[in-house]
Structures are given as C-alpha cells and as structure tokens.
Amino acid sequence: MSNHHMKKHFPIEAFKHKVIMDPNIAHENWKIIEHAIHQIYNHNANAVACEVIYRHAYNMVLQNFGEKLYSGLVATMTSHLKEMATSIEGTQGDSFLEELNKKWNHHHKSLQMIRDIMMYMDNKYVPNAQKTPVYELGLNLWTEHVIYSEQIKTRLSNTLLDLICRERVGEDVNGELIRNTTKMLMDLGSSVYEQEFETPFLQVSAEFYRAESQKFIDCCDCGDYLKTVERCLDEEMDRVCEYLDPSTEKKITNVIEKEMIANYTLRLIHMENSGLLNMLRDDKYEDLCRMYNLFCRVSDGFYKIFEVMILHVRKSFKELITQLERSDDPSEFVQRLLDEQHKYEKIINLAFNNDKLFQYALYCSFEVFTDF
Amino acid sequence: MKKEDTVKLISSDGFEFIVDKEAAMVSQTIRNMLTSPGSFAERQHGEVTFPEISTTILEKICQYFYWHLEFASGKDREFPIEPELTLELMMAANYLHT
C-alpha cells in the first residue's frame, strides 16, 4: 500500500493496546492459548474463537515473548502426544493399527488448526529464532513420542509385516488400514518410512522369496517356474499399488529378481528336458519370451541366454552341414539351412523382441557357414 | 451476494461489515480462520470479531480487499490512503497478513 503526500499536520495517536507487556500479562496470554490448544485436542475446537487466540499469540510475539510461546507450544503438544501414545500402547491385537490411525488423524487435524492460529509466530518469530516451523514441529513430536515410543516402535513394524505375510499365504487383510499407516510414515519423512517399514519389509520379503524359489525350483519344470516368478512379480506390483509407497516398487522388484531369477539362471537354462535348448528345439515362443524378459532384468541373464543359444545355433549349423555334405542333393542342403535360419529368426522375432544383438550373431553364424 | 459466499467482519465498535468471502480471504489470517480443517467458532457463525481494529480502519481494509481483487495485478492504480490512517492501517495489515 503506498502513501500520498501529507495534506495537513496530523497528530499521531498512542496505540490502543499497551505497548510494553509485562511478564504476568504474557503469562495470562499464554494460559489462554494453552487452554485453546487443550480444547482443540479434546475435540472441542468449535468453542475456540480463532481470532482471540491468534491475537494473543500475535501480541506475545510482538512483545518479544515468542520464546515463551514456542516452548509452551512444544510442552503442550508433547503432553497430549504422550497421552495418545499411552492409549495406543494399551490396545490389544488388531485394534492397535486402528487406534494408531485414529489418533494420527486427530493429531494431524489439530496440528493444522494450531498452525493456523500460530501463523504470526510461524512467519515472524520462527525464522528469526531459527526454530522448526509449527507444522514440521508437530510431525517431529509425533514421530518422537508416538512412533519411536518404546512400546510402539517394534510393535508397529511387526504388525505391518505380519499382515503382509498373512496376505502372502492367502489370508484376507485390511489393505486400507495398511495404506493409511504407510502413508502416515511417508508424511513423517521418507527416512521414517524406510527405517520403520521398508527396510524390514524388504528383508522379510527376501527371506520369503528365497524359500519360495527353493520350493518351486525343485518341483517345477523351467517353463512353470518362470510362470511362477511372473506371478510373484505381479503380486508385488499389486501390493505396491494397493498399500505401499510407489518408491518401494523398484526395490521389491529387485528382491524378487535376485532371489528368484539371478540365483538360478544357469540352472534354469540347463534344466533337463525343459531348459533353454528344449524350448528352442520345440519352438516354445511363449516360454522363450518369458525367459528373455525375466532374464534381461538381471545383470548376466541376457548374456547367459545369448551365449548358450549362439553356441547351440553354431553347433547345429555345423552338424547340418556335415550331414548334408555327404548328401548328393545340394538344393535340399540349401533348403534345410534356410529353414534352420528361418526358425531362429522367428524365435528372435517372436520371443526375443527382435533383439539386434541376437540378429547380428545369427547372421554372423550363418555367414560363416555359407562361405562353403 | 449470497449469504453462503459472505462473511461478517465486526469492528471494535460493533460495526458489521458484510463482505464476499473471496475478498476477505485476501487476508491470509482471515483465510486461515475460514478454511482451517477443524471448525473454529468463526466459521460456524460466519463472522469474525476484531476487538482491536476500529471501524474506520476496518472499513479501509475492506475497501483494500476489493481494490486488491481488481487492481493488484496491474501497476497503474494506487490504493488511496489518508495519511492519518497510515500507522494504524499498517499495524492492521501486519496483523491480518495482508
């Protein structure tokens, strides 16, 4: 807002309210604010006149009592959070997560209201005194006094992991509850989410899929095993969509790739009666495609397929030529060689995504032998 | 103006100014009071009382709200302020985060 030039001399009036605040008044102000915070936490916010509290907080900051206001806020929120923690700790069995979420929602809502009435302090006192802003402060206090409370910390991780384990063996679990909980952890900070949930989750998942793969590799043929791997990957993708944070997708996928694919690539390729060579011989396009896609995800996977296949192709070309060299019919010779080349071209096309490396290797192999 | 779109601002002398919510929310402070997740008393009754703001100042503030909605984007208009009001107006603007 800008000024016009003065037209007349005007008296400057004293401020309507006291300019200097004495500590007793500051204390009274604080008491009023403290009471309002209690009201908010006790589900009584509509008894609070926002303007009144805002003005009291404003006056405290204006009169240099910002420190008292801020530390009072910390103490009051902390005492409410400790009460909430006790209530959560006292729950039995399945109602633990429900109560945790209920209290979180209430605290979160109260926190936003408190932030709104403390806006003046947030804007003027907090940056100057280099304190944490109100909203972030509220999150940190919740983390400190509830999430990290001795009796809640491990119980929270264990409850979440237990639910997921139960779901993996076919039980129906409350996905929404898990979703709200993981969302809360992310709101508190990605490091909280990682420490309290994601890292143990990945560990437990690795153990689970290690055991699963051992179980299946012993009783499945190659094609079926690969189908199982695909199914597991899909399941975990669904899980991420349903109640985990998107950032976990890549990590859980890596776990499955390591436990179910990387550990077994050679064994699968060379599996008797169902491995790579059998698939090539029988033109099992779908199985080959699945193997190609899954193996490409792991570091050596592609090259192991590549190596085995190209060696096989060369060997079979060589055998073909040796056989047909003894034959008297050159046209049959050419035809069969062309058929063989065509067979592998089709495989590369339908199953290996027209992979350039494969195409080139096939072309080279063919070239060598047609120089005869 | 529809009732639901308006809010009542009351000065220290009891003078009531009925303004559009959109205008009142030019003040960040008033915006918070009206849009806070819980329902404070003000939102319930659709009115905010300012015991520390006089009628003259509050009237000027309300004028400013509408001026802001219309002219703030351009730079060619100045908001007219009588010099004797300047100090109190600045204090109020600071208070209302406007």
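**View 1. Chain A and its confidence.** Chain A of this predicted model has a mean pLDDT of 90, and 94% of its residues reach 70 or more. Here pLDDT is the predictor's confidence in each residue, from 0 to 100. Over residues 1–6 of chain A, pLDDT stays under 50, and the model has 15 contacts for them beyond four places in sequence; contact means heavy atoms within 4.5 Å. Where pLDDT is low, the predicted coordinates should not be read in detail. The model scores ipTM 0.88 and pTM 0.84.

**View 2. Helices α10 and α11 of chain A.** Welcome to a helix pair: the axes of α10 (residues 222–243) and α11 (residues 248–261) of chain A come within 10 Å and cross at roughly 160°. Axes are lines fitted to C-alpha atoms, for helices over the stretch in contact, with angles from 0 to 180 degrees between N-to-C directions. The two helices are therefore roughly antiparallel to each other, a term for angles over 145 degrees.

**View 3. Where α10(A) meets α11(A).** Among the residues in contact are A:Tyr225, A:Leu233 and A:Val240 from α10(A), and A:Ile252, A:Ile256 and A:Met260 from α11(A). The residues of this contact divide into ten nonpolar, one polar and two charged. Nonpolar covers Ala, Val, Leu, Ile, Met, Phe, Trp, Tyr, Cys and Pro; charged covers Asp, Glu, Lys and Arg; the others, Gly among them, are polar.

**View 4. Chain B and its confidence.** Chain B averages a pLDDT of 87, with 95% of the residues scoring at least 70.

Residues are numbered from 1 along each chain as its sequence is written, and chains are lettered from A in the order in which they are written. Local features need pLDDT of at least 70, side-chain atom pairs count only at pLDDT 80 or more, and totals for chains, interfaces and linings use all residues, while side-chain values use heavy atoms, leaving out hydrogens and water.

Terms used. Helix = DSSP H or I, 4+ residues; strand = E, 2+ residues; numbered from the N terminus. Parallel < 35°, antiparallel > 145°, perpendicular 65-115°, else oblique.
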